[in-house]
Amino acid sequence: MVRSGVLHTDGSKFLENSLLSAEVKEGEILPPTIQKLMKGYNKYLRPFFDNGPVTVGMSLDIASIDTISEINMDYTATIFLRQRWTDERLVFEGNKSLSLDGRLVELLWVPDTFIVDSKKSFLHDITVENRLIRIFPNGTVLYALRITTTVACNMDLTKYPMDKQTCTLQLESWGYNINDVMFYWARGNESVSGLDTLKLAQYTVEDHYTSVSEAVYETGNYPKLIFHFELKRSILYFILETYVPSSLLVVLSWVSFWISQSSVPARICIGVTTVLTMTTLMMGARTSLPNANCFIKAIDVYLGICFSFIFGALIEYAVAHFCTLHHPDCNSALMYGHHMHDCEEEMNGIVTTIASNSSRLKRRKDSPSPAPTATAAGEPGLAPSSPTTSEPKTAEVPSELFSRCAKNISVLRKILRSINCCHVENPHYIDNYSRLTFPLSFIIVNLLYWTYYLYF
């Protein structure tokens, strides 16, 4: 046990001496100026360790935005990140800056900056690690990196594909709070460049700006820099890919209105084909979007409208064909109309008769009855027969009963009129009405749709 402990102690000392000798050898190959700067330099302590926070200026150069994914709700960008700070321990005499090999960054203190909401990132290393270190005589250090990162971007797809998305790139300090490190944009909104000349497949960059904030966590407040950029989707691709084909399918479904109702296979073929084609178009439009989401997108609304019009054209023929089977010719339709007119006239006659009888009975009740007189033979108690004695017993029915009958017959007449309105006298009129109502309705719906999604 003692021997093993001695061996372990000797091995640790040997490893420590080897590391020290390696550092000495590495320092011996450095230029005298760098050797002087590195003498007594501790990279584990930040600048101004006892004299307040160190300020770090940031600037970005967006080299490219490779992909913007609606499915994963993120974007992938390649950026040049430049950081500037002052380290009082690196002040040297002279008027020229020192450009060092990027691998010498291991000898210096650098900020622990990281990208918030980054899903994956990597530092380019072909042919060497893409780092830049430059030290100025006043102790200012310029540290630049080339990074490709995939950053999350919360998207609102309600107006897709007429939407605008605002994405951010946030930079924070991992371990140093605001008492140790302060971040600021080196040139304000001009600290980010490269977006003006950037060409994207489906988007155009409308606006971008920078802001300074603080990230509040349980362990303290940390400095944060935010770069905002607004992307507007180009709708021309979707007009040619989705909107125009779906509109043409709706117009194609209207062709059946000009085909004879007796051509059942032709009209059914057009209706079913357009419905199936529209279903395939709707499925294809959703392939580039998240499958499980709570968004009812603008393109879904339009495809639903087109599907409704196409399906409505198919239902229209079913209704017209059904009416044709029940009324095979126009003569029967005209006979039906005359029959309904005769029934209505008969009802009017009944109501008129009841009304006249009721008024006559009321007048007779109001007139005074004559006194009994003697007959020519002088026999008292015999009076001439009154005309009212020959009236039927139904004439003595109260007038309220006649008024009730009149009301019931009036209600029945209204029902017959409503049935007559729902009746199609000529089934061919359905196609004639559809030739006008379907296109007009589709135009009105399109005006409302584009007005709402483009201006509201």
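**Exercise 1.** In which sense do β1 and strand β2 pair, and over how many bridges?

*Solution.* The model is predicted: local features need pLDDT of at least 70, side-chain atom pairs count only at pLDDT 80 or more, and totals for chains, interfaces and linings use all residues. Residues are numbered from 1 along each chain as its sequence is written, and side-chain values use heavy atoms, with hydrogens and water left out.

Step 1. Recall the terms: helices (H or I, at least four residues) and strands (E, at least two) are DSSP runs numbered from the N terminus, and two strands pair if DSSP finds at least two bridges between them.

Step 2. Strand β2 covers residues 74-86, and its pairing with β1 is antiparallel, over eleven bridges. Within this pair, isoleucine 62 stands opposite isoleucine 79 in β2.

Step 3. The two strands form a hairpin with four residues between them, and methionine 73 in the turn has a positive phi of about 55°.

**Exercise 2.** Describe the annotated residues 436-455.

*Solution.* Step 1. An unreviewed UniProt entry places the feature "transmembrane region" at several spans, including residues 436-455. UniProt positions follow the numbering used here, feature names are shortened, and annotations may be inferred rather than shown by experiment.

Step 1. Residues 436-455 are 100% helix and 0% strand, with end C-alpha atoms 29 Å apart.
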